[in-house]
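Here is a short briefing for a first look. Please view the sequence and the model side by side as you read.

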Amino acid sequence: MNAYRIPEIAKKYVEYDMIREHTELPAFPDSRARLLYTLLASGKHPSERSELYALVVWLVQLGLDTHDLVDNHSGKRPEREMRARQILVLAGNYFSSRFYHLLSQAGQIEMVRRISNAVCEVNRLKMNLYTRMKQRKVTADEYIGIHTELKTGLFELFGSLLDERLSALYPDLLRGFTRCEVVLNELERVESPGQFEGSWGYWRIMQDGTEDERRQLAQHPREEGLIRQLIAKYNLRAQLTELLRQSIAQVQAVLRLLDSDKLAAELAQIGRKLHPSFALQHAVTNETR
């Protein structure tokens, strides 16, 4: 199997001076793309086809994530912010459109249709989530589950291309790694009061907080003092750390079901890039094999 090199290949599509100068892109969906590439390349698919599929889904996901960064708040804003917003919209459109070109060149018209349908489904789920959030009808657990689903939607459709044994394990591996990503992102947000609004921590307070706390948070979702007080009172960091531990353990349980120790080690490397504790748990697992 050839080395994973999707980020290097993708550079020509994402590295533009205008983007770097005026805005920032979201985190790349690298762990999911690497998981997909590794499983495809370990089976019956040639490396070039595995690389093509991993690249196009990487770009489409990046396009969706870039559009998610667009601030939809109304009102007048500085010219620099307006320009950054416009660039994010155009960049997201460009990244998403690349998959048509790449797959068409390779004669993969059916895959164009399948990815397009998956994008529609992801957008439908996203709109449902936004509606429920606006109505304040989301629990903290639902928030993690829905965000995991949104990040796996494009990648799930490739499961049918895997060998039978891997195809059966792929959904759990994909959801497990993605859940780790989601929880790690929420740990970052709980450290930044400016990103707290709409986060897992926000919905945990809306679920478990007192009536007065919920009212204050709804009225002042970016008040740093209030947010830090609630984070400490409800021990949100510890709750998220436990969620991460559980998510890592779930992935490790699936890795133990793989027939190939070599493949399990390659997939564990993905976990190590996400969080160091993944490596420690993997080492314990190997000692018992």
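Leaving aside neighbours within four places in sequence, which residues is lysine 126 in contact with? They are Leu64, Asp68 and Leu150. The model is predicted.

**Lysine 126**
- Lysine 126 sits in helix 6, which spans residues 109-134.
- Its relative accessible area is 9%, under the 20% limit, so lysine 126 counts as buried.
- One of its contacts, aspartate 68, also takes part in a polar contact: the two side chains meet at 3.2 Å.

**Glutamate 191**
- Glutamate 191 lies in the loop that links helix 8 (164-190) to helix 9.
- With 44% relative accessibility, glutamate 191 is partly exposed, because that value falls between 20% and 50%.
- Outside the four places on either side in sequence, glutamate 191 touches Arg228 and Arg237.
- Isoleucine 231 is 40 residues away in sequence from glutamate 191, yet their C-alpha atoms are 9.1 Å apart in space.

**Helix 3 with helix 8**
- Helix 3 covers residues 30-41, and its axis comes within 10 Å of the axis of helix 8.
- The two axes cross at roughly 160 degrees.
- That angle is over 145 degrees, so helix 3 runs roughly antiparallel to helix 8.
- The crossing of helix 3 past helix 8 is right-handed.
- Helix 3 brings Ser31, Arg32, Leu35, Leu36 and Leu39 to the contact.
- Helix 8 brings Leu166, Tyr170, Leu173, Leu174, Phe177, Thr178 and Glu181.
- By type, the residues of this contact between helix 3 and helix 8 are eight nonpolar, two polar and two charged.

**Helix 9 with helix 12**
- Helix 9 (residues 200-208) and helix 12 (residues 236-255) have axes that come within 11 Å.
- Their crossing angle is roughly 115 degrees.
- Angles of 65 to 115 degrees count as roughly perpendicular, so helix 9 is roughly perpendicular to helix 12.
- Helix 9 passes helix 12 in a right-handed sense.
- On the helix 9 side, the contact uses Trp200, Gly201, Arg204 and Ile205.
- On the helix 12 side, it uses Leu236, Gln239, Leu240 and Leu243.

How values were computed
Residues are numbered from 1 along each chain as its sequence is written. This is a predicted model: local features need pLDDT of at least 70, side-chain atom pairs count only at pLDDT 80 or more; totals for chains, interfaces and linings use all residues. Side-chain values use heavy atoms; hydrogens and water are left out. Axes are lines fitted to C-alpha atoms, for helices over the stretch in contact, and angles run from 0 to 180 degrees between N-to-C directions. Helices (H or I, at least four residues) and strands (E, at least two) are DSSP runs, numbered from the N terminus. Angles under 35 degrees count as roughly parallel, over 145 as roughly antiparallel, 65 to 115 as roughly perpendicular and the rest as oblique. A crossing is left-handed if the near helix is turned anticlockwise from the far one by less than a right angle, and right-handed if clockwise. Contact means heavy atoms within 4.5 Å. Buried means under 20% relative accessible area, exposed over 50%, partly exposed in between (1.4 Å probe, protein chains only). A polar contact is a pair of N or O atoms within 3.5 Å; within protein, one must be able to donate a hydrogen and the other to accept it, and residues adjacent in sequence count only if both atoms are side-chain atoms. Ala, Val, Leu, Ile, Met, Phe, Trp, Tyr, Cys and Pro count as nonpolar, Asp, Glu, Lys and Arg as charged, and the others, Gly among them, as polar.
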